[in-house]
Amino acid sequence: MTTPTMAPQTPTTAAPQRSRARGNDGGRIGLRANLRHTGALARRNAVQIKQHPELMMDSLMIPIVFTLLFVYVFGGAMGGGSPESASENRDAYTNYLVPGIMAMMSLTMAMSVGTGINEDSRKGIMDRFRAMPIARASVLVAKCLVEMCRLLLSLVVLVIVGFLVGMDIEGRWMELGAAMGLTLFFGTSLLWVFMLMGLTMRTAQAVQGVSFLVTTPLQFGSSVFVPTDTMPAWMETFTKFNPLTHVADANRALTMGTGEVANPVMWAVIWSVGIIAVIMPLAIVRFRKRT
Amino acid sequence: MMRQDTSGHGRNAVEVRGLVKHFGDTKAVDGVHLNVREGTVMGVLGPNGAGKTTLVRMLCTLQLPDSGTATVAGYDVARQPRPLRRRIGLTGQYASVDERLSGFENLYMIGRLLDFSRSGARQRAYEMLERFSLTDAASKPIMKYSGGMRRRLDLAASMMGNPEVLFLDEPTTGLDPRTRQEVWDHTQQIVAEGNTVLLTTQYMEEAEYLADELTVIDHGKVIAEGRIADLKARVGQRMLVIRPAVPQHLQHLVGVLTHYGLAGTVADEAQGVATVPIVSDEQLSGIVRVLGYYNYPIADIATHLPSLDEVFLALTGQKTDSQDAGPPGSGPQGAGSGYQEAVA
Ligand SMILES: Nc1ncnc2c1ncn2[C@@H]1O[C@H](COP(=O)(O)OP(=O)(O)O)[C@@H](O)[C@H]1O
Ligand SMILES: [Mg+2]
């Protein structure tokens, strides 16, 4: 019968080291395994949405509400036209507005991921994931995939509403597809910005507050809703550096067939690639280190 | 309760050497040593804030230690986290399942993350649901689960990968007694299959029910460790609380009982009671005889299981007592027979 011993204790001589001839199992995680893990985690998000359809409310309602409000409130008055030409003005504005709202949606949809990931990362389920033999980045990549699907859905809804209220792309379907692809790419880069915010800040409320403060000037200080040439010089300068302007201008050049295409597309791509290259690794490192 | 150490030939599944984790000025874990032999259950007993969760998180690679080393299933927590993670299961203090998913979906997802094939994951998920009596609730979202069902699903999730070492952080804190028994039954089944388990708890009763060995920690430090039976020999399997009708008798009563070999007897002046750790039924009848001999008027006399506070008091109190009471190590039989001689 052994006797209980009292602390402080000197460490007993370590038990003979087990020989572990286990090779490198559980070391590096292969690409196929990574894809499987990402798939399983993406499925988790998808099942969540299936069981709680209200999680999709924003991606369905925001494009409808914004399009209807802006077209029917401001559309008639655009171009300084008289009440007689209101209907024409409205149609012209619809063609201008929908590509702009596409750009806005990339920001709006990306914003929600910040609060989501902040709340998620404080729940026990994240500890379970982090204690499992999977690459931690796959949790974020899965989230990113699902959010891209949500953004794509909201863009489709937006375009449908656009057509219903009279948008005319004169058969430029390929260009419309390109504009959606470009918006999706830019939106994906923004997702990582908000993921980093969500992982860095302490509370979901803080994330929401800061997101609102940052996104509102970006949305309105751009060519999303109105052309920038009537703005004062300082504001116009701001809009030129605002990536939303580039995305909105690129979308417009593509779907309306007017204006220069290459330049805004190039800037939109440069912004997206730049944000992904810098922010994505930061977010992943942040997530790995988070305790 | 105590199981034979047939498996593993006494190798250590968990080895912790001088583990330290500070949060600012808080020394959450402050130089902990412990070993868990393969196929045994180690209970880590300590009050709220003792550092139990921090210890478990470090062992599960969720937090890096400031200093010291630890290996789990032979892998170092800091240097070999990936293969280590493949060999552990964790049921955290707070439910670690996805509230929005059903029980099946939760387990299926974990199966896929553990590299089961689709059909393999499905099969294993149903197996686990069956085993933890959750088959009927398989497709219900966790939000609609009761507290006990959640805990069981948590256990099922941790067992999906058939881990070599299972960590349970306060598995029944906050559960009502009936639900606690449910969780205990399932945990005991896991334990009976010869799994290595490290379990943290605030309840002596729980440690006694499930663990082979105990490490008592407080303020991040190990206060005592050893086999449950040995610790109980020092703490008492039960506590006898005696309230003399005349408060002035209290000190005398304690003196008498101590004199008869009950070194753990403590007077609680504020409550007006004497508390005696009881190791055997013979001791109890012996004490009754002593009380009868001195003919104290007794207002109240009752036994109960030792609380965490009493365990702490007995363990830390005994440290000084045992020095004047001769060499420790007489064991429960020794203590029992010694007492019988005294009262005979
Ligand atoms: N992430 C953290 N940051 C700061 N202090 C912490 C953190 N985690 C735990 N602590 C502190 O460390 C101590 C031990 O906590 P914990 O390990 O949770 O104890 P137990 O699980 O035994 O209740 C407590 O004082 C707690 O406040
Ligand atoms: Mg705890």
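B:G120 counts as buried, at 18% relative accessibility; buried means under 20% relative accessible area, exposed means over 50%, and partly exposed lies in between, with a 1.4 Å probe and protein chains only. This residue belongs to helix 4 of chain B, which covers residues 118-131. Helices (H or I, at least four residues) and strands (E, at least two) are DSSP runs, numbered from the N terminus. From C-alpha to C-alpha, B:G120 is 9.1 Å from B:Y108, and the two are twelve residues apart in sequence.

The model is predicted: local features need pLDDT of at least 70, side-chain atom pairs count only at pLDDT 80 or more, and totals for chains, interfaces and linings use all residues. Residues are numbered from 1 along each chain as its sequence is written, chains are lettered from A and ligands numbered from 1 in the order in which they are written, and side-chain values use heavy atoms, with hydrogens and water left out.

**Surroundings of ligand 1**

Which residues surround ligand 1? They are B:F23, B:T26, B:A28, B:P47, B:N48, B:G49, B:A50, B:G51, B:K52, B:T53 and B:T54, where a residue is near a molecule if one of its heavy atoms lies within 4 Å of it. By class, this shell has four nonpolar, six polar and one charged residues. Here Ala, Val, Leu, Ile, Met, Phe, Trp, Tyr, Cys and Pro count as nonpolar, Asp, Glu, Lys and Arg as charged, and the others, Gly among them, as polar.

| Residue | Atom of the residue | Distance |
|---|---|---|
| B:G49 | polar backbone atom | 2.6 Å |
| B:K52 | polar backbone atom | 2.9 Å |
| B:T53 | N or O atom in the side chain | 2.7 Å |

The protein covers 62% of the 560 Å² of accessible area that ligand 1 has on its own; such areas come from the Shrake-Rupley method with a 1.4 Å probe. Strand 2 (26-37) and helix 1 (52-59) of chain B are the elements that give two or more residues to the shell. Helix 1 gives the most, with three residues.

**The magnesium ion**

B:T53 also takes part in a metal site: the magnesium ion, ligand 2, is coordinated by B:T53 (OG1) and B:Q93 (OE1), at 1.9 to 2.2 Å. Donors are N, O and S atoms within 2.8 Å of the metal (3.2 Å for Na, K and Ca), and water is not among the atoms, so sites may look incomplete. B:T53 lies in helix 1 of chain B, whereas B:Q93 lies in the loop between strand 6 (88-91) and helix 3 (103-113), so the pair ties together parts that are 40 residues apart in sequence. B:T53 counts as partly exposed, at 26% relative accessibility.

**Another threonine and the cysteines**

B:T61 is found in the loop between helix 1 and strand 4 (67-72) of chain B, and at 9% relative accessibility it counts as buried. Its side chain is joined to that of B:R85 by a polar contact of 2.8 Å, a polar contact being a pair of N or O atoms within 3.5 Å; within protein, one must be able to donate a hydrogen and the other to accept it, and residues adjacent in sequence count only if both atoms are side-chain atoms.

A disulfide is a pair of cysteine sulfur atoms within 2.5 Å. By this rule, the count is zero disulfides over all chains. A:C149 is in no disulfide, and the nearest cysteine sulfur, that of A:C144, is 9.8 Å away. Is A:C149 buried or exposed? At 54% relative accessibility, A:C149 counts as exposed, whereas B:C60 counts as buried, at 0%.
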